[in-house]
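Please read them with the sequence and the structure open beside you.

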Amino acid sequence: MTPAAPAAPTTPDTPTPTLSTGTADLIAGLLVDHFQVSTAAIRADAPMTDLLADSLMVVEMAIALKDRFGVVATEDELRELTFAEFTARVDQRRAG
């Protein structure tokens with residue numbers, strides 16, 4: 001029997017581990033790199049509207065997701081969901 005690998009340390013810069021890590025990392029990276037969102041602000045319960053400060057950013061995020069990852073996200077989703085909820089939807093679309 002092999003021992004389980006130790007859990008990765010969680011820091012303020014690390015998205016919540018209960019999220020789909022790959023998709024959460026992609027979206028968090030986009031938020032940080034393209035929209036200059038602080039990594040500390042990216043939490044599972046953060047409303048996407050807190051991360052994307054204005055309606056232009058919402059539109060730009062929807063376009064960036066389509067261009068970079070081939071995933072369609074609606075502006076309503078970006079306005080109504082938390083980071084965790086939005087990540088789950090994007091993850092389903094990437095898988096499906």
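1. A nonpolar core, as the term is used here, is a set of buried Ala, Val, Leu, Ile, Met, Phe, Trp, Tyr and Cys residues joined through side-chain atoms within 4.5 Å. The model is a predicted one, and its largest nonpolar core has 25 residues, with Leu31, Leu52, Met61, Phe83 and Phe86 having the most contacts inside it. Two or more residues of this core come from each of helix 1 (21-35), helix 2 (48-51), helix 3 (55-69) and helix 5 (83-95).

2. Which residues is Met61 in contact with, leaving aside its neighbours within four places in sequence? The partners are Ile27, Leu30, Leu31, Phe35, Met48, Leu52 and Leu78, and of these Leu31 and Leu52 are also listed with Met61 among the residues with the most contacts inside the core.

3. Helix 5 has 13 residues, which at 1.5 Å a residue should span 18 Å, and this agrees with the 18 Å that separates its end C-alpha atoms. Within helix 5, the residues Phe83, Phe86, Thr87 and Val90 are buried. These four cover an arc of only 100° around the axis, and therefore lie on the same side of helix 5. Gln92 and Ala95, on the other side of helix 5, are exposed.

4. Ala44 sits in the loop between helix 1 and helix 2. Is Ala44 buried or exposed? Its relative accessible area is 17%, and because buried means under 20%, Ala44 counts as buried. Although Ala44 and Phe86 are 42 residues apart along the chain, their C-alpha atoms are separated by 9.4 Å.

Notes. Residues are numbered from 1 along each chain as its sequence is written. This is a predicted model: local features need pLDDT of at least 70, side-chain atom pairs count only at pLDDT 80 or more; totals for chains, interfaces and linings use all residues. Side-chain values use heavy atoms; hydrogens and water are left out. Buried means under 20% relative accessible area, exposed over 50%, partly exposed in between (1.4 Å probe, protein chains only). Contact means heavy atoms within 4.5 Å. The expected span of a helix is 1.5 Å times one less than its number of residues. The arc is that of the directions from the helix axis to the C-beta atoms.
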